[in-house]
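Subject: Structure handover

Hello,

Here is the structure for you to look over. My notes follow below it.

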Amino acid sequence: MITFYDPQHTRHAPIFEFYRGARVPCFENPSRGQFVFDELHARGHSLRVPSVDSTAAIHQIHSARYIDFLRTAWLQWLALDSNNAHVQPFPSAWPVRNLRSDIEPQNFIAKLGLYSMDNGTPLDAGTWAVTKAAADAAVEAAHCIANGERGVFCATRPPGHHAGADFMGGYCFLNHAAIGAQELRNLGFAKVAIFDVDFHHGNGTQEIFYQRDDVFYGSLHGNPSTEYPFYLGHADEVGVGNGLSCNFNLPLPAQTNAVDWFAAYQIVANRIAQLKPSALVVSLGLDTFIDDPIAKFKLTSDDYFELGRRIGDIGLPTVFILEGGYAAQALGVNAVNVIEGFEASYR
Ligand code: OKP
Ligand code: ZN
């Protein structure tokens, strides 16, 4: 399977985030990419560096002012104080409900709040370049599918599924799965399904396609009443307007084991098969793993081989986008197990 990897991903490496009131090392860090790279290499998979420019597709998914902010944010931050090269900016105010989000404030931290859903998404000097390269990979993966590939794997970071049309959040900046799905549409795939198997609901992806009937979004995730992203991901969110019945959420309780998870998986997979889409994008979060430090499902490494096999059984040309998975050392094995399970399903 063609696998994309950006060797420059280490340029997005914020040092700390806030967790239960304390500063802790970032769960989403470059070691994740390195473990995936090492395991791909060890098991004989070749890697490609993305070389297609995703700018046009990024603009189809995200607002112009958000893209401009993200692209220039680190330079704006440095312009305030040269010592800021070693300081992580965090938002501290957000335009909730009746506060105005139509006017972009001049204050940098206020802009950061305008374009963020949380204070858990630290920026770094290389953030734009790294999330842009992941978007490039998603777009190039769509081109590979249009050229007849059965499966393409984007071993990229950071994740993207929490990023909305005009905001970052949950370690995500650009929504790579949404951008890849959009590019499949651009290339003539009439209906695209996104299957989000990350532990967390992909609120950004849902929002982006909520009113559209050409891209279906289905997700299996921890119940948002108790799990991040908290404010979206309930079962009664089924789409609006043209998009009515093109959104499907299946929230599951914390501690869900593999038997129950795969039973729920099959409900979403069957729904996708019924739609007869022409291509599939998988938001492949591997934070459903039993040892994940920030999530609460109980899948084992062997279960990811089975997951890959079952995704292959859906029978569609498939782009995998790596999302979460924070037990970094196991992430490589788990990701490559999905790839090899998928390959086994059609060999
Ligand atoms: C991103 B993805 C730590 C609490 C968790 C948000 C989790 C984002 C997960 N501060 N913060 O869906 O794997
Ligand atoms: Zn996640």
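Start with Ser 245, which lies in the loop between E6 and E7. Helices (H or I, at least four residues) and strands (E, at least two) are DSSP runs, numbered from the N terminus. Phi of Ser 245 is near 70°, a positive value in a residue other than glycine. Most residues other than glycine have a negative phi, and most peptide bonds are trans.

A word on the basis. This is a predicted model, where local features need pLDDT of at least 70, side-chain atom pairs count only at pLDDT 80 or more, and totals for chains, interfaces and linings use all residues. Residues are numbered from 1 along each chain as its sequence is written, chains are lettered from A and ligands numbered from 1 in the order in which they are written, and side-chain values use heavy atoms, with hydrogens and water left out.

Next, the cis peptide bonds. One joins Tyr 228 and Pro 229, with omega about 10°. Pro 229 is in the loop between strand E6 (215–222) and strand E7 (247–252). Another runs from Arg 157 to Pro 158, with omega near -5°. Pro 158 is in the loop between E4 and H6.

Now the ligand. Ligand 1 sits in the largest pocket. A pocket is found on a 1 Å grid over the protein atoms alone: an open set of points where a 1.4 Å probe fits, with protein on both sides within 12 Å along at least five of seven lines. To sit there, a molecule needs more than half of its atoms within 2 Å of the grid points.

Around ligand 1 are 13 residues, each with a heavy atom within 4 Å. Glu 17, His 161, His 162, Asp 287 and Tyr 326 come nearest. Polar contacts are pairs of N or O atoms within 3.5 Å. Oxygen atoms of ligand 1 lie 2.7 Å from a side-chain N or O atom of His 162, 2.9 Å from a polar side-chain atom of Asp 287 and 2.6 Å from a side-chain N or O atom of Tyr 326. The protein covers 90% of the 400 Å² of accessible area (Shrake-Rupley method, 1.4 Å probe) that ligand 1 has on its own.

Last, the rings. The structure holds 21 aromatic pairs, meaning Phe, Tyr or Trp (six-membered) rings with centres within 6.5 Å. In one, Tyr 171 and Tyr 326 are edge-to-face (planes over 60 degrees apart). Their centres are 5.5 Å apart, with 75° between the planes. The pair links distant parts of the chain, 155 residues apart.

Best wishes

Conventions. A polar contact is a pair of N or O atoms within 3.5 Å; within protein, one must be able to donate a hydrogen and the other to accept it, and residues adjacent in sequence count only if both atoms are side-chain atoms. On a 1 Å grid over the protein atoms alone, a cavity is a set of points where a 1.4 Å probe fits but cannot get out, and a pocket is an open set with protein on both sides within 12 Å along at least five of seven lines; lining residues have an atom within 4 Å of a point. Rings of Phe, Tyr and Trp (its six-membered ring) pair if their centres lie within 6.5 Å; planes under 30 degrees apart count as stacked, over 60 as edge-to-face and the rest as tilted.
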